[in-house]
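Please keep the sequence and the 3D view at hand while reading.

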Amino acid sequence: MSAPGKIYSAPLLVNWSLNYSCNFSCEHCYSRFEKADELPAGQVLEAGRRLAQAGVLFANFGGGEPLLRRDLLAVSKELTALGLSLSLNSNGWLLDEAAATGLRDAGFVSIGLSLDSHRPEVHDRFRNRTGSFDRVVAAAGHLVRAGVKLTISTVVCRINHRELTPLLELAKRLGAAQVYLHNFKCSGKGLEHRFELDLEPLEWRDFYREALGFAGNPDWPEISFDDPILASLGARDAEHGIPGSTCGKLSLHLRPNGDITPCGFIPLVLGNILRDDLRTLWRESPVLESMRHKTAQGKCAACGHYAACLGGCTARAFAVSGDLNAPDPHCWENPCG
Amino acid sequence: MELSERYRRRPGLPWREEQEAAREALAALAAGRDASGEGTLLVVERGRITELNLLGGEIWKLCDGTRDVGAIVEELLPRFEVERDELTRDALEFLADLVARGWVVPA
């Protein structure tokens, strides 16, 4: 059985899907088929108070498109006042100059914009929205001019894995401080389109080898991955010292109705932020316990990297096998094992 | 760095005390064990988690700009079994590191 690394008293980060409603219908979307009532503003604030009291430091809004919530800025201002450090991910369609200054004034420390290709037609097709490339480029300009830290969020998949350099060049031109390379998740529409969009394990290896060449280079935006299978390239995010997936060890996810899941891609409900004590759940949840003490299965059993990667991304393994302990389907190690 | 200087934590830098770990470290100290390797307070910057030990965490919490370094040492002396000179040296060294990181700023 694996050692989880250090487990702190509460999550540091909560990824918070405020709403699943969206003005886009992207090919990979994990949440398109999800349904959950949205909490009204008062209950969002109560949820935020409970997060802050438990010691959560960061909340990152996703969804869904967070900017569809008309109360977003007002609620965010109050959440910031509670001490939460806020960020969000947006497709950029609604992010005009006024929205950019509003987000800045509400206290957001970083805004992530989805941008999946330097080629407008490729991005638009992936996002299923003509003009979305132009709108997200414009949104980036609004954010940078407003003085908000810009992160470009890219879902790495078959449409873009061989075009990293031009994508990073575009991100740099846009003024991005960071490029977050999200690994493709086989959840929701991502599972439906897995065979056309996901890469083969060796393609993932080659992509990461290339991407790691840009990491830590001050000439480029900061590159972030958060993919535990990087351990087999000796490049796992060393700064947090947590082996394997960080979900359930450093972070949790909130659904729009306040239900708590280990991450946005694992649909196992642990409790509800308005009903349950977060620190108790964090300490005692059997699901989190099993995620923190995984057992090597299949090819992982004999793999020398297991202590560092703990089977890779638990969400991907669970999505394709229904087993939290199964090997990550992206893993390129021991392909015949 | 002088004992008369005042520092405060950089506004907006996320941090959290791990209260259970701090209690355990205090209990270890009371029992005469070394707890200097135990992290009791977390500072998170750019995704990197840094753990401060009990003494570092207490200095950190006192860096609110209302007291100078000498006052911080005086406040901690009764709580740690250590000579004044040693604590002063440790506090100055620790604060110099925090200044270099940009985690505390002159008040």
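Chain B contains four helices and six strands, where helices (H or I, at least four residues) and strands (E, at least two) are DSSP runs numbered from the N terminus. Along the sequence these elements follow the pattern β-β-α-β-β-α-β-α-α-β. The radius of gyration of chain B is 13 Å, close to the 13 Å that the globule rule gives for 107 residues, so chain B is as compact as a globular protein of that length. That radius is taken over C-alpha atoms, and the globule rule is 2.2 Å times the number of residues to the power 0.38.

The model is a predicted one, in which local features need pLDDT of at least 70 and side-chain atom pairs count only at pLDDT 80 or more, while totals for chains, interfaces and linings use all residues. Residues are numbered from 1 along each chain as its sequence is written, and chains are lettered from A and ligands numbered from 1 in the order in which they are written.

The C-alpha trace of chain B spans about 35 × 35 × 20 Å along its principal axes. Of the 107 residues in chain B, 24% are buried; a residue is buried if 20 or more other C-beta atoms lie within 10 Å of its own, exposed if 12 or fewer, and partly exposed in between, with C-beta atoms placed from the backbone. Among the contacts in chain B with a separation of 6 or more, 56% are between residues 24 or more positions apart. Two residues are in contact if their C-beta atoms, placed from the backbone, lie within 7 Å.

Strands of a sheet pair through backbone hydrogen bonds, either parallel or antiparallel. In chain B, three strands form an open sheet in the order 2-3-4, with antiparallel pairing; two strands pair if DSSP finds at least two bridges between them. Strand 2 (15-17) and strand 4 (48-52) of chain B are the edge strands, each pairing on one side only. On average, neighbouring strands of this sheet are turned by 20 degrees against each other, direction ignored. Helix 2 (residues 54-62) of chain B packs on the sheet, where it touches strand 2, strand 3 and strand 4 of chain B, and its direction makes about 100 degrees with that of strand 4 of chain B. For such values, axes are lines fitted to C-alpha atoms, for helices over the stretch in contact, and angles run from 0 to 180 degrees between N-to-C directions. Strand 3 (residues 41-45) and strand 4 of chain B run antiparallel and are joined by five bridges; Val44(B) has Ile49(B) in strand 4 of chain B as its bridge partner.

Another open sheet of chain B has three strands in the order 5-1-6, and the pairing is antiparallel. Its edge strands are strand 5 (64-68) and strand 6 (104-106) of chain B. Neighbouring strands here are turned by 30 degrees on average, direction ignored. Two bridges connect strand 1 (residues 6-9) of chain B with strand 5 of chain B, and Arg6(B) stands opposite Asp68(B) in strand 5 of chain B.

Attention now passes to the other chain. Chain A has 13 helices and ten strands. Its radius of gyration is 19 Å, close to the 20 Å that the globule rule gives for 337 residues, so chain A is as compact as a globular protein of that length. Buried residues make up 49% of the 337 residues in chain A.

All seven residues of strand 5 (residues 150-156) of chain A are buried, so this strand is largely enclosed by the rest of the structure. Strand 5 of chain A pairs in the parallel sense with strand 4 (residues 110-114) of chain A over four bridges, and Gly112(A) stands opposite Thr151(A). Six bridges join strand 5 of chain A to strand 6 (residues 178-183) of chain A, again parallel, with Thr154(A) opposite Leu181(A).

In helix 2 (residues 72-81) of chain A, the residues Leu72(A), Val75(A), Ser76(A) and Leu79(A) are buried. Seen down the helix axis, the buried residues of helix 2 of chain A fall within an arc of 100 degrees, so they line one face of the helix; the arc is that of the directions from the helix axis to the C-beta atoms. They pack against helix 1 (41-54), strand 2 (58-63) and strand 3 (85-90) of chain A.

Finally, the two chains meet: nine residues of chain A are in contact with ten residues of chain B.
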